[in-house]
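Dear colleague,

Please find the structure below, handed over for your use. A written account of the findings follows it.

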Amino acid sequence: MILILQHNIMHKNKYVLITGASSGIGRACAVAFAQEGYHLIITARREDRLIILKDELEDKYNIIVLYYTFDVRDHDAVKDFASKLENLDIVPHILINNAGLAVSRNKIQEGIIEDWERMIDTNVKGLLYVSRYILPMMIKKNTGLVINIGSTAGHIIYPGGNVYHAAKYAVKALNEAMNLDLVDTNIKVCSIDPGAVETEFSLVRFKGDEANAKKVYEGYEALEASDIADIAVFVASRPARVNIQNLIVYPTAQRSVYVHKKDS
Ligand code: NDP
Ligand code: 8X3
């Protein structure tokens with residue numbers, strides 16, 4: 001309890017805004033930053049999960065957790081969310097652009113257009129919408145950090161990954177661009193680019209097919225969502241002069257696109 005109170009004093013009144021906090025890496029970031037005593041603004045589409053998380057973290061860490069339910073692909077909803085924060089006079093100190101997904105693993109010539117739209121609209125346009133409305137608020141305070149959750153899929157291609165790769169290569173480009181655009185501010189920008197992390201990612205990719213999703217993580221130890229959250233906390237705890245632009249993080253059993261499975 002004493003430790004928790006000390007942390008709260010350290011980060012008093014600093015908010016971390018996390019998109020996609022209802023599951024996986026986003027949820028783990030919420031827990032990790034709550035442990036550090038930050039207040040949270042958690043967002044996603046599934047309200048029931050956000051409410052449970054809010055109650056759990058407020059009780060445990062004596063912090064404020066605000067939740068907002070919206071789809072990052074919905075430009076008007078994102079704009080409306082940002083203006084609600086402005087009306088409350090709340091400016092996030094840290095923005096974690098995490099909401100994202102892959103859908104299917106078809107070849108381009110067999111691709112499903114709707115899946116492509118979901119990937120590009122969520123991973124790229126969603127990140128842009130949120131950044132467009134939150135960054136000006138952060139710039140006014142001239143302090144803070146943006147963490148973009150990219151992927152090793154933004155660095156190297158595997159078969160069937162096509163449009164997901166295109167989206168994550170775009171996140172890599174936007175991370176570099178954001179760094180340049182903010183060079184005359186004190187706002188730091190980092191992308192954390194993980195390899196395989198066991199979350200609901202594959203369940204979403206395979207449209208609820210649990211058996212197929214499970215196979216992705218069989219025969220080796222994938223990263224856990226909390227591994228990425230710990231790294232986000234590390235990035236956020238560097239001195240003001242240190243800007244980590246990009247971190248690539250693989251499970252030990254994965255090197256580039258190769259995963260060493262026990263039975264392989
Ligand atoms: P999960 O499926 O567990 O979590 C994804 C989160 O994104 C959920 O909270 C979901 O919330 C939210 N989300 C998805 N679409 C939208 C949307 N349109 N609007 C708002 N929120 C949305 O997957 P991960 O935690 O693994 O994924 C998080 C990020 O990490 C993604 O950007 C992913 O690309 C990236 N990543 C994942 C890796 C992995 O192996 N798992 C590796 C590298 C990167 P809800 O459905 O409630 O809206
Ligand atoms: C998610 C992990 O391996 O599908 O970005 O690229 S992977």
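An oxygen atom of ligand 1 lies 3.0 Å from an N or O atom in the side chain of Lys168. This is a predicted model, in which local features need pLDDT of at least 70 and side-chain atom pairs count only at pLDDT 80 or more, while totals for chains, interfaces and linings use all residues. Residues are numbered from 1 along each chain as its sequence is written, chains are lettered from A and ligands numbered from 1 in the order in which they are written, and side-chain values use heavy atoms, with hydrogens and water left out.

Two further side chains approach oxygen atoms of ligand 1: an N or O atom of Ser22 at 2.8 Å and a polar atom of Thr199 at 2.6 Å. Taken alone, ligand 1 exposes 870 Å², of which the protein buries 96% (Shrake-Rupley method, 1.4 Å probe; for residues, only the protein chains shown count as cover). Helices α2 (24-35), α6 (162-181) and α7 (201-205) each give two or more residues to the shell (helices are DSSP runs of H or I, at least four residues, numbered from the N terminus). There are 30 residues around ligand 1, and Ser22, Ser23, Arg45, Tyr164 and Thr199 come nearest (a residue is near if one of its heavy atoms lies within 4 Å). By class, 13 are nonpolar, 11 polar and 6 charged (Ala, Val, Leu, Ile, Met, Phe, Trp, Tyr, Cys and Pro are nonpolar, Asp, Glu, Lys and Arg charged, and the others, Gly among them, polar).

Ligand 2 is surrounded by Ser151, Ala153, Tyr158, Tyr164, Phe201 and Arg205. Oxygen atoms of ligand 2 lie 2.5 Å from a side-chain N or O atom of Ser151, 2.6 Å from one of Tyr158 and 2.7 Å from a polar side-chain atom of Tyr164. On its own, ligand 2 has 240 Å² of accessible area, and the protein covers 83% of it.

Yours sincerely

Note on methods:
A polar contact is a pair of N or O atoms within 3.5 Å; within protein, one must be able to donate a hydrogen and the other to accept it, and residues adjacent in sequence count only if both atoms are side-chain atoms.
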